[in-house]
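Here is a briefing on one protein model. Look over the sequence and the structure first, then read the points below.

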Amino acid sequence: MAGAGVYSHALVRGIPESLAGGALRRSGEGSGVDTARAREEHRLYVKALRVQLGLVVTELPADEALPDCVFVEDAAVVCGGTALIARPGAPSRRGEVTAIKKVLSDLGLKIVEMTDETATLDGGDILFTGKEFFVGLSERTNQRGAEILANVFKDYAVSKVSVSGALHLKSFCTMAGPELIAIGSSDQAQKTLMNMQEMSEHRYEKLTLPDDMAANCVYLNIPTKGHVLLHRTAEEFPDSAKEFGKLKDYLLIPVCNTELAKVDGGLTCCSILFNKAV
């Protein structure tokens with residue numbers, strides 16, 4: 001059985017020039033992306049995973065034909081030794097899975113593909129707590145996609161929860177510890193968590209953050225570091241940063257994400273994290 005945040009490997013991908021003009025935006029609007037700044041922020045994110053935390057990082061080059069390709073999380077769900085290759089809800093993103101599938105296969109993971117053309121699933125809608133899965137039914141993930149995930153990862157309970165007002169479930173809800181869920185303070189976020197708690201046989205503590213976007217953080221349990229949390233910076237979300245600062249016995253790593261946030265990208269979006277015997 002896998003545990004929350006127990007990772008040894010990371011898969012990331014570069015940012016194409018085409019992202020600024022071609023990446024999908026939920027609102028259809030937004031400030032222009034500074035590509036150079038986005039790449040620098042991404043470099044520091046990858047550096048934190050590789051240098052500060054010691055993960056084995058595989059970095060794929062950007063593909064100019066795929067403007068959203070940096071958001072690798074949506075292309076696969078990895079648990080244990082199995083990788084479920086997703087079928088992204090946005091047709092323009094389905095080409096992203098090809099390179100991801102090859103790398104995960106080369107790394108020795110068991111590959112399962114979603115061949116049902118009625119199914120859609122984005123990894124950003126999949127929250128694994130270490131004990132169970134929650135699947136957000138959203139603009140990008142449908143009922144059939146959730147059913148396929150449940151069939152692949154049969155060792156775990158899978159609960160489905162409706163997502164509205166955000167792109168993905170993890171836009172405002174992620175793990176911040178072994179039994180701790182980071183959740184935004186908006187009505188939609190709080191209602192979603194309430195629904196999740198009602199469906200689950202497990203009990204979780206919650207870390208409520210003033211900013212929904214700040215609730216997208218990356219929790220890792222690293223043997224040599226203990227509890228680690230990559231989270232948005234105080235410059236971006238000062239009130240939420242204060243809440244992160246109250247966490248005891250954590251290595252807190254602030255990571256700036258101002259540019260990718262303009263195209264709906266969060267911190268979890270930029271990596272596929274998994275545990276694998278070296």
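This is a predicted model: local features need pLDDT of at least 70, side-chain atom pairs count only at pLDDT 80 or more; totals for chains, interfaces and linings use all residues.

**Helix α2**

Residues are numbered from 1 along each chain as its sequence is written, and side-chain values use heavy atoms, with hydrogens and water left out.

- Helices (H or I, at least four residues) and strands (E, at least two) are DSSP runs, numbered from the N terminus.
- Helix α2 covers residues 35–52, and its 18 residues should span 26 Å at 1.5 Å a residue. The expected span is 1.5 Å times one less than the number of residues. The end C-alpha atoms of α2 are 24 Å apart, which agrees.
- At the start of α2, a side-chain oxygen of Asp 34 comes to within 3.2 Å of the backbone nitrogen of Ala 36.
- Gly 54 follows α2, and its phi is positive, near 75°.

**Helix α5**

- Helix α5 has 13 residues (187–199), which should span 18 Å at 1.5 Å a residue. Its end C-alpha atoms are 19 Å apart, which agrees.
- Ala 189, Thr 192, Leu 193 and Met 196 are the buried residues of α5. Seen down the axis, they fall within an arc of 95°, so they line one face of the helix. The arc is that of the directions from the helix axis to the C-beta atoms.
- An α-helix has 3.6 residues a turn, so residues three or four places apart point the same way.
- On the other side of α5, Asp 187, Lys 191 and Glu 198 are exposed (over 50% relative accessible area).
- The buried residues of α5 pack against β6, β7 (132–137), β8, β9 (173–177), β10 (180–184) and β11 (205–209).
- Thr 192 counts as buried at 5% relative accessibility. Leaving out residues up to four places away in sequence, Thr 192 touches (heavy atoms within 4.5 Å) Val 161, Ser 162, Leu 169 and Phe 172.

**Aromatic pairs**

- The whole structure holds five aromatic pairs (ring centres of Phe, Tyr or the six-membered ring of Trp within 6.5 Å).
- The ring centres of Phe 128 and Tyr 156 are 5.0 Å apart and the planes lie at 85°, so this pair is edge-to-face (over 60 degrees; under 30 is stacked, the rest tilted).
- Phe 128 sits in strand β6 (residues 126–128), and Tyr 156 in the loop between α4 (143–152) and β8 (157–162), 28 residues apart.
- Both Phe 128 and Tyr 156 are buried.
- Ring pairs join Phe 128, Phe 133, Phe 153 and Tyr 156 into a cluster.

Key: Buried means under 20% relative accessible area, exposed over 50%, partly exposed in between (1.4 Å probe, protein chains only). A polar contact is a pair of N or O atoms within 3.5 Å; within protein, one must be able to donate a hydrogen and the other to accept it, and residues adjacent in sequence count only if both atoms are side-chain atoms.
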